[in-house]
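Subject: Structure for you to look at

Hello,

I am passing on the structure we spoke about. Please have a look at it, then read the notes below.

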Amino acid sequence: MISILRQATRLGWAQTDSFVRRRLLIVVGLVVLAAAFSALAPLALKYGVDALGAAGTSAYIPESPILLICLYVICLGLSRGCNELRGYFFGAADQRLQRNISRHLSAHVLRLPMAFHLDRQTGALSHTLVQGIAGYNILLTHLTFTLLPVQMEVILIGAVIAVYMSPPFIMILLLSVAGYIIVFTLGVTKIMTPSRDVSASQVSAYGTFADSLINSEAIKYFTAEKFINRRYDRALALAESRWARFHAVKCGNGLLVVGVFSLSFGAAVLLAASQVAQGALTIGDFVLINAYMLQIIRPLERLGDGVKGAAHALGFIEKMLNILERKTEDHCDAKPCDRPSRALIAADGKPRPTQGGDVIFDRVSFGYRLGQTGRGQAPVLKDISFTVRAGTTTAIVGRSGAGKSTLIRLLLRFFEVTHGDIRLGGISVRDIPLIDLRRTIAVVPQDVLLFNDSIAYNIGFARPGSTRSEIEQAARMAHIHDRIMALPEGYQTMVGERGVKLSGGEKQRISLARAALKDPLIYVFDEATSSLDGSTEHRVFDDLINKQRQATRLIITHRLSSVLQADEILLLDHGVILERGKHDHLLRLEGAYARLWRDQERERQGA
Ligand code: ADP
């Protein structure tokens, strides 16, 4: 637990800025003041009570009971006032800290490697992060509202007690403090495991729920609402039982605390009563002992709650810390670094003209790591070599699962090649900072990825800061401008989650417009026009290619009719290049390509 606390503190501290620190400092000051006033109050009460009984006043203490009772009330009032102010300053610091941690988390998670994102469960991940941030709030709340003030109170009241009380009472107090420490340590160690379990089961339940939402359309197709809801309920039931276990452990510990309280408070009050009866103590002393015992025991109990609360919060934070420990991709944009890629990208972030921008796959082999352990590889690409000359078009065709998309993932360095090298303009992609590499290439993927925002936002996101006319120009190139203008809200039309309010063809053309706006050196079309008819597809390609710089193009498709004009066609099969050449040459080979072509032609004529 200590190591998690250390990690959590390190992260928390790294995210505090001067705004947070100043306010936390004020909070600490207010905590000290509140504790001081709260420790003084019973003293004023004792002397007030004694003055009322006209006994026991000393030369230093004013004899007016009214003044003393006023002092008592003022001390209590000031103590509470400080607490209220503390809440105000704490709120501001806490909100800023949560904002900073959330921003840091989002930046971190977005930069985690593709392998992480392919494995993740969106709902579970977002709940882990929300829970982790809530954990920080709980931790900080306990730290400033419980642990810190109570410690202050215990120290101050302890000091007053040491001065004003006789050894038997101090003994009782010390024994009760020892009792509390034992019980709390027990509580903290016992509560960590149920707290972790609760966190895991809640994350899993939210993951299940989010998964159902993402797949709501599939659920409707199969009227699987009841079936899916039962799956969610099973996850909820697990969370429920783990919460029950958590509360049982907490309650068991609470009962032990009550035992320590009853013993120590009972012993102190009985001892005081017997001493009053013998005339060794005044009634004021009895009141004082009673007040101090309560005043020190209650904070001690709160301290215990605080420690248990903090342990619970750490159980929540732990999972988030695990994610934060994962290594992110190095985009090389926050620090000065070697940029051999200056040959490709100018200082203003724009790709340079294409001279020498060949894409070379040099004896590339690759396999995905399998399973949770990451051991074992499924070979997907085997010794692949080809060159795409700058400004030319290469098509990669082949059956589904042949490894076509994997080639692109390697080019973008979503994954690292197992053997061989990929070079861009003569530079190994390993040496090109990711920010430059990915700026150079525009991918139009098969599954269009749209944000739940306006069409203008979805196109403009390719190049932040682009003007409306640049966005419209890109939309024209993708042959979607007129269609957008026909919509009642034009470019401000909201596209829905993942673009559900648009047709497949519209989504694809927005995706193409987005790529055009990026104005890259290399276009990668990964089944990017499967929802467009043949003539629109040709017009879009012509516009993208001819109206812009002579970009290099890699087209992945299963529709051979889309790539008749390609400078080279590679037929990929089970991770190897089976045949390569221009369309006519491949037909003359009378091999696998020719068979595929004839099959597709037959289908087209039959259709
Ligand atoms: P294509 O684009 O030609 O349809 P892919 O490159 O997407 O093929 O996939 C090639 C092979 O790699 C397939 O057998 C697929 O199941 C496997 N594969 C793809 N992505 C992963 C992954 N993240 N982890 C493990 N295997 C994968």
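H5 passes H9 in a left-handed crossing. The model is a predicted one, and H5 covers residues 122-164. The axes of H5 and H9 come within 6 Å and cross at roughly 155°. An angle over 145 degrees counts as roughly antiparallel, and H5 and H9 are therefore roughly antiparallel to each other. By class, the contact of H5 with H9 consists of 29 nonpolar, eleven polar and four charged residues.

H9, residues 283-325, also packs with H2, residues 18-52. Here the angle is about 165° and the axes are 8 Å apart. H2 is therefore roughly antiparallel to H9. The crossing of H2 and H9 is right-handed. On the H2 side, the contact is made by Ser38, Ala39, Pro42, Leu43, Leu45, Lys46, Val49 and Asp50. H9 contributes Gly284, Asp285, Val287, Leu288, Ala291, Tyr292 and Gln295. Sorted by class, the residues in the contact of H2 with H9 are nine nonpolar, three polar and three charged.

H2 has another helix to pack with, namely H3, which spans residues 65-110. The angle between H2 and H3 is about 165°, and their axes lie 7 Å apart. That angle makes H2 roughly antiparallel to H3. H2 and H3 cross in a left-handed sense. In the contact of H2 with H3 there are 33 nonpolar residues, along with four polar and three charged ones.

Now to the ligand. Which residues are around the ligand? They are Leu118, Tyr368, Val380, Arg399, Ser400, Gly401, Ala402, Gly403, Lys404, Ser405, Thr406 and Arg409.

- Gly403: a backbone N or O atom lies 3.0 Å from an oxygen atom of the ligand.
- Ser405: a polar side-chain atom lies 2.8 Å from an oxygen atom of the ligand.
- Arg409: a polar side-chain atom lies 3.3 Å from a nitrogen atom of the ligand.

Regards

Notes. Residues numbered from 1 in each chain as written. Predicted model: local features only at pLDDT ≥ 70, side-chain atom pairs only at ≥ 80, totals over all residues. Heavy atoms only, no water. Axes fitted to C-alpha atoms, helices over the stretch in contact; angles between N-to-C directions. Helix = DSSP H or I, 4+ residues; strand = E, 2+ residues; numbered from the N terminus. Parallel < 35°, antiparallel > 145°, perpendicular 65-115°, else oblique. Left-handed = near helix turned anticlockwise from the far one by under 90°. Contact = heavy atoms within 4.5 Å. Nonpolar A, V, L, I, M, F, W, Y, C, P; charged D, E, K, R; others polar. Near = heavy atom within 4 Å. Polar contact = N/O pair within 3.5 Å; in protein donor to acceptor, adjacent residues only side chain to side chain.
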